[in-house]
Amino acid sequence: MDKHLHIICLNVPYPVDYGGVFDLFYKLPSLQQQGIKIHLHCFEYGRGEQRELNNFCETVDYYPRKKGFSGLSFKYPYIVKSRSNKRLLDRLTEDNYPILMEGIHCTYLLNDKRFDGRNCFVRLHNVEHIYYRRLFANTSSPLKKLYFLWESKILKRYEKSVCGKATFWSVTEKDAAIYRKSGCTNIRFLPLFLPDWKVSTNEGKGSFCLYQGDLTIAENENAAIWLSLKVFNHLEIPFVIAGKNPSRRLLKLVHKKNTICLVANPDEKEMQDLIAKAHIHILPSFNATGIKLKLVNALFNGRHCVVNKATVEGSGLEEACHIAEDAKSCKTIIEQLYAVPFTKEEIELRHRLLDNLFNNDTNARQMIEWIWGSKPVRFFL
């Protein structure tokens with residue numbers, strides 16, 4: 001008998017042009033290859049309808065996301081309420097197929113009694129109330145600060161209220177532990193779905209240090225500024241910042257030092273070329289939940305990685321990284337590593353950590369077995 005699955009996406013998962021849609025998109029061909037009939041439901045608010053998705057799904061439907069005050073509620077987080085849609089809910093009641101919700105964002109239906117007893121699953125991409133608390137800390141806009149703080153408080157209450165209404169799948173063991181601590185017992189760890197990356201790191205030395213990320217996100221811009229002012233301010237080592245839409249503030253700062261350069265809006269090929277040619281990837285984070293795709297990319301395709309605990313803790317990837325918690329230790333590690341070639345032994349370590357963990361075929365089979373029941377697949381960390 002055919003296995004059908006509804007998947008509700010918080011955004012249109014194609015094109016795969018930012019980190020947040022990698023797991024959403026690459027899950028689709030992986031499940032299709034296992035014979036799953038996917039019924040995809042996307043909230044669309046600027047990315048448009050994408051024919052490419054029809055190649056992996058039986059049906060694809062699009063729904064508008066509420067904007068402004070229509071998405072506000074004292075009961076529900078804005079990211080949830082703005083994705084409530086009657087047509088979607090009515091469509092889901094037409095059959096009894098299992099439902100996968102991509103993110104807490106898509107869980108409005110868990111508050112509808114029509115879905116009591118339905119086989120429901122939630123893919124967690126972050127612990128959202130912690131993520132929004134960090135957004136609050138990293139923005140300088142008073143209005144955004146107010147919104148992020150309010151959203152964080154509502155999310156904390158809301159996440160606890162729905163944790164018993166579905167099975168949850170986290171992207172890290174750390175996120176799973178946070179949920180368990182708040183009373184959620186039905187949560188499991190499921191690794192990210194990724195492109196067909198293979199460990200392609202080159203031995204030897206690269207020619208610069210690299211920080212890369214979406215620079216429109218305050219946390220990423222703050223990290224780039226912190227590295228420029230606190231770490232590379234007195235280092236005579238080439239440092240490249242690469243990312244989307246850098247601000248005038250960052251551009252002005254970078255131009256003050258001739259050992260720092262900024263690559264604005266690189267395409268995928270250019271970004272992967274930078275990752276391959278860098279000697280050290282410096283990837284601090286101020287958000288300790290979720291998994292950082294830029295770190296996973298660097299581990300598959302780059303050389304040395306210097307991170308803080310917030311970037312890597314609970315990911316199972318700590319062994320492949322150098323940990324620096326402040327500017328002084330970061331400088332020291334960079335100065336030491338810049339003279340150290342990347343070795344065959346370190347590449348073998350990457351294979352051991354990454355090849356089994358980020359295996360789309362294994363992950364898809366694990367999902368299927370958790371949804372429809374069978375012998376579990378084991379992940380080795």
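Tutor: A charge sits over a ring if NZ of Lys or CZ of Arg is within 6 Å of the ring centre and within 35 degrees of the ring normal. Keep that in mind; the model here is predicted.

Student: What makes lysine 145 a charge over the ring of phenylalanine 136?

Tutor: The charged end of lysine 145 is 4.5 Å from the centre of that ring. The limit is 6 Å. The charged end therefore sits over the ring of phenylalanine 136.

Student: Which ring does the charged end of arginine 65 sit over?

Tutor: The ring of tyrosine 45, with 4.9 Å to its centre. The cut-off is again 6 Å.

Student: How many aromatic pairs are there?

Tutor: The count comes to 20 aromatic pairs. Tyrosine 14 and phenylalanine 25 form one of them, 5.4 Å centre to centre with 45° between the planes.

Student: Why is the pair of tyrosine 14 and phenylalanine 25 called tilted?

Tutor: Stacked needs planes under 30 degrees apart, and edge-to-face needs over 60. The angle here is 45°, so the pair is tilted.

Student: Are tyrosine 14 and phenylalanine 25 buried or partly exposed?

Tutor: Buried means under 20% relative accessible area, and exposed means over 50%. Tyrosine 14 has 26%, so it is partly exposed. Phenylalanine 25 has 6%, so it is buried. Both belong to one aromatic cluster, which also includes Trp197 and Phe300.

Student: What makes phenylalanine 43 and tyrosine 63 an aromatic pair?

Tutor: Their centres are 6.0 Å apart. The limit is 6.5 Å, so they pair. The planes make 45°, and the pair is tilted. Phenylalanine 43 lies in strand β2 and tyrosine 63 in strand β3, so parts 20 residues apart in sequence are tied together.

Student: How do you know that phenylalanine 43 and tyrosine 63 are buried?

Tutor: Phenylalanine 43 has a relative accessible area of 1%, and tyrosine 63 has 2%. The cut-off is under 20%, so each counts as buried.

Student: Where is histidine 39, and what does it touch?

Tutor: Histidine 39 is in strand β2. With a relative accessible area of 7%, histidine 39 is buried. Its contacts include His4, His6, Glu58, Arg91 and Tyr97.

Student: What makes β8 and β11 paired strands?

Tutor: Pairing needs at least two bridges. β8 and β11 are joined by 2 bridges and run parallel. They therefore pair. In one place, leucine 210 has histidine 281 as its bridge partner. β8 is also joined to β9, by 6 bridges. There glycine 213 has glycine 243 as bridge partner.

Student: Which strands stand at the edges of this sheet, and why?

Tutor: The order is β10-β9-β8-β11-β12-β13. β10 and β13 each have a single partner strand, so one side of each is left without a neighbour in the sheet.

Student: How do you know that β8 is largely enclosed?

Tutor: 5 of its 6 residues are buried, so the rest of the structure largely encloses β8.

Student: How do you know that the span of helix α7 agrees with its number of residues?

Tutor: Helix α7 has 14 residues, which at 1.5 Å a residue should span 20 Å. Its end C-alpha atoms are 19 Å apart, which agrees. Among the buried residues of α7 are Glu219, Ala223, Leu227 and Val231.

Methods:
Residues numbered from 1 in each chain as written. Predicted model: local features only at pLDDT ≥ 70, side-chain atom pairs only at ≥ 80, totals over all residues. Heavy atoms only, no water. Helix = DSSP H or I, 4+ residues; strand = E, 2+ residues; numbered from the N terminus. Expected span 1.5 Å × (residues − 1). Buried < 20%, exposed > 50% of the residue type's maximum accessible area, 1.4 Å probe, protein only. Contact = heavy atoms within 4.5 Å. Lists of a residue's contacts leave out its neighbours within four places in sequence.
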